Amino acid sequence: MRRFLLILLIALLALPALAEDAPAFSQDALLLQSANRALEARYGLTPALLGLFDVEITHYGDVCAVRYLPRSRPHPRLTGEYLVLIAGEQVQAMWTHDSVDPAVWQGGALTSPAWGAPQLLAYLTAGSFDREYFDEPYYTALPPDRAAFPEDGFRGIEYRTGDLTEQEIAAPAAIGRAAVQAMYGLPDAAAAEMHLVNVVKYIRDDGYAVWGVHFYHSTEPDEINYVVRIDAESCEILTVTVITGGIG
Amino acid sequence: MKKLLMLLCALLLTLPALAESPAMAPELAALKTANEAIMDRYGLTLPALGLFDAHVDLCGETAIVTYRGGAVPESLTGAYIVIIAPHGVQPMWTHDGSLVPWQSGDLASPVWGMPQLQTYLNASASERYALFTPYFPQTLDTLDEFEAAGGSYHDVTSANRGAADSARALAERAVTALYSLTEEQSAQLSTYAGDTRMVQYPDGHREWEVTVHLEDGSTAETLFWVVIHAETGLVENIVISSGGVG
C-alpha cells in the first residue's frame with residue numbers, strides 16, 4: 001500500500017513539469033541536436049539515417065565530441081564513422097570517408113566504397129527482410145581491409161610452435177623492433193632488451209598476409225608488451241600496440 | 001618474390017638512416033603524433049599509454065585519436081582525445097577543467113591522472129586486484145545488482161497512467177523539437193503504454209523511458225528512445241534507431 005501511495009505521489013508531482021508545452025532539454029540533448037543538424041547540413045543525414053548509428057557523447061573540458069558509430073549493418077567499412085566536434089559556437093562535422101571524392105558516392109551507386117546518405121536511404125527502403133544481405137555484394141567486393149585485422153578467414157603459422165624458421169622470421173622481427181623503437185623513441189639499449197616472444201604469419205584465403213610480432217620488455221616495476229602488425233608484402237607497419245597493467 | 005621483398009626490407013633496415021624511419025601506415029603516424037602530444041601535455045609515460053585502448057580515425061586531412069580506458073575503469077582514468085588537423089595538434093582529456101584534486105596521487109580521488117596510474121603500474125600484477133579494485137566505482141551491470149542496490153522498474157498502471165500519458169506526450173514533442181520534424185512527420189509519431197516505463201534508480205531519482213515510433217511511409221520505422229526526468233520533466237536523452245533486420 002505504501003509503495004502504491006508513493007508511486008501515486010510521484011506521478012502527481014511529476015505531472016505539472018511534464019505538462020508544460022516546450023520541452024526542456026539536457027545539455028547533452030542540445031549538443032546532440034547541434035551535431036545532428038551539422039551532419040544533416042554537411043552530409044544530408046536525415047533522422048532516419050542517423051538512426052543507423054550508435055551515438056556517443058564525450059566531454060573534453062570545453063570541447064564536446066559526438067561520435068556516430070556504425071552498427072554491423074550496413075557494413076562499417078561502407079558507412080564509415082561520423083564525428084562532430086563542438087566548442088562553444090563552433091561546430092565541425094567530419095566523416096572517415098572525407099578523403100573520398102563526394103562525386104563517387106553522391107550519385108547513389110551502391111558500388112561506391114563510401115556509403116553516404118543516398119546509399120543509406122536505399123538500404124533503409126529495402127525493408128527489414130531484404131536488408132540482411134543487402135550490403136554483402138558491396139562490402140565483400142572492397143579491397144582487403146588491412147586495419148580490420150584479425151578477421152575471419154585468417155590462419156596463423158607460428159614461430160613459437162616451430163612452424164616458422166629463424167630465417168623466415170628474421171626480417172619481420174627486425175622491422176618490428178625498429179617500429180617499436182621509432183614509435184616510442186626508445187634508446188638503442190632499451191630496444192635491444194626487448195625479448196622476442198613470438199612471430200605469427202597470418203594468411204588470408206585470398207593470399208593477403210600480415211606478420212604479427214610480439215615483444216616483451218622486462219622493466220621496473222613491470223613488464224611492457226608490444227605487438228606489431230606488418231603487411232607481409234609491402235612491409236608497411238600497420239599497427240604498433242603497447243600493453244601494460246595486467247592483473248594476476 | 002615475397003621472400004625477396006622481405007629480404008630487401010630487412011637489408012634496408014640495416015642502413016642507419018632508414019632504420020629510424022620505418023614505413024608507417026598513416027594511422028600509425030597519427031598515433032605517434034598523438035602519443036607524443038598527450039605524453040607532453042599530461043605527463044603520461046609509455047607504460048601508462050599501455051593502459052588505454054587507442055583508436056585512430058582519419059577524416060580527410062584531420063586525424064582523431066581517442067584513448068579509452070582499458071585496464072583501469074574509464075570512469076576514473078577518463079578518456080583522452082587528440083585532434084590532428086593541418087593547423088595544429090590539440091590533446092584533450094575528459095577530466096580537463098575538473099575541480100577534483102587528483103595531482104596529489106590520492107587513490108580515493110574520482111579522477112585518476114598520471115600519479116595514480118604510476119601507483120597502479122608500480123604494483124605487481126598479482127597485487128593489483130586486491131590493492132585497487134576497492135577504489136574502482138561499483139557498477140550495476142545486471143538486473144539483480146540493480147535491484148539489490150534499490151533500483152526498480154515500473155510499468156504503466158492505473159496508479160501512474162496520468163503521469164505516463166504526460167510523459168508520452170512530452171516525448172513526442174521532444175522528438176519533434178530535437179529532430180525538427182515537419183508537422184506531417186510529427187502527426188505520424190506514436191507511443192504506447194506498453195513501451196513506457198518508469199525507472200527508479202538506487203540514488204532515488206526517477207526517469208520515464210518512452211519509445212516513440214515514427215512511421216512516415218517513405219522509409220522503415222524509426223524509433224526514438226526518450227528519457228525524461230520524472231520530477232523535473234527535463235528531457236535527458238534521446239536515442240534514435242532505424243534499419244532493423246529481419
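Select helix H2 (residues 27-43) of chain A, in what is a predicted model, and you will find that this helix lies across strands E2, E3, E4 (82-87) and E5 of chain A, running at about 55° to E5(A).

Next, select those strands themselves: the 4 strands form an open sheet of chain A in the order E2-E3-E4-E5, with antiparallel pairing. Strand E2 (53-60) and strand E5 (90-95) of chain A stand at the edges, and because each has a single partner strand, one side of each is left without a neighbour in the sheet. From one strand to the next, the twist averages 15°.

Now display chain B beside chain A, where 88 residues of chain A are in contact with 88 residues of chain B, and where the two chains bury about 7100 Å² between them, 65% of it on carbon and sulfur atoms. Across this interface the rule finds 2 salt bridges; select Arg67(A) and Asp57(B), whose side chains meet in a salt bridge at 2.6 Å, N to O. Helix H1 (residues 2-19) of chain A gives the most to the side of chain A that touches chain B, with 13 residues, and by class that side has 55 nonpolar, 18 polar and 15 charged residues.

Finally, select strand E1 (residues 24-25) of chain A together with strand E9 (residues 234-241) of chain B, which run parallel and are joined by 2 bridges; here Ala24(A) stands opposite Leu234(B) in E9(B).

Key: Residues are numbered from 1 along each chain as its sequence is written. Chains are lettered from A and ligands numbered from 1 in the order in which they are written. This is a predicted model: local features need pLDDT of at least 70, side-chain atom pairs count only at pLDDT 80 or more; totals for chains, interfaces and linings use all residues. Side-chain values use heavy atoms; hydrogens and water are left out. Two strands pair if DSSP finds at least two bridges between them. Axes are lines fitted to C-alpha atoms, for helices over the stretch in contact, and angles run from 0 to 180 degrees between N-to-C directions. Contact means heavy atoms within 4.5 Å. Buried area is the accessible area (1.4 Å probe) that two parts lose on being put together, summed over both. A salt bridge is a side-chain nitrogen of Lys or Arg within 4 Å of a carboxyl oxygen of Asp or Glu. Ala, Val, Leu, Ile, Met, Phe, Trp, Tyr, Cys and Pro count as nonpolar, Asp, Glu, Lys and Arg as charged, and the others, Gly among them, as polar.
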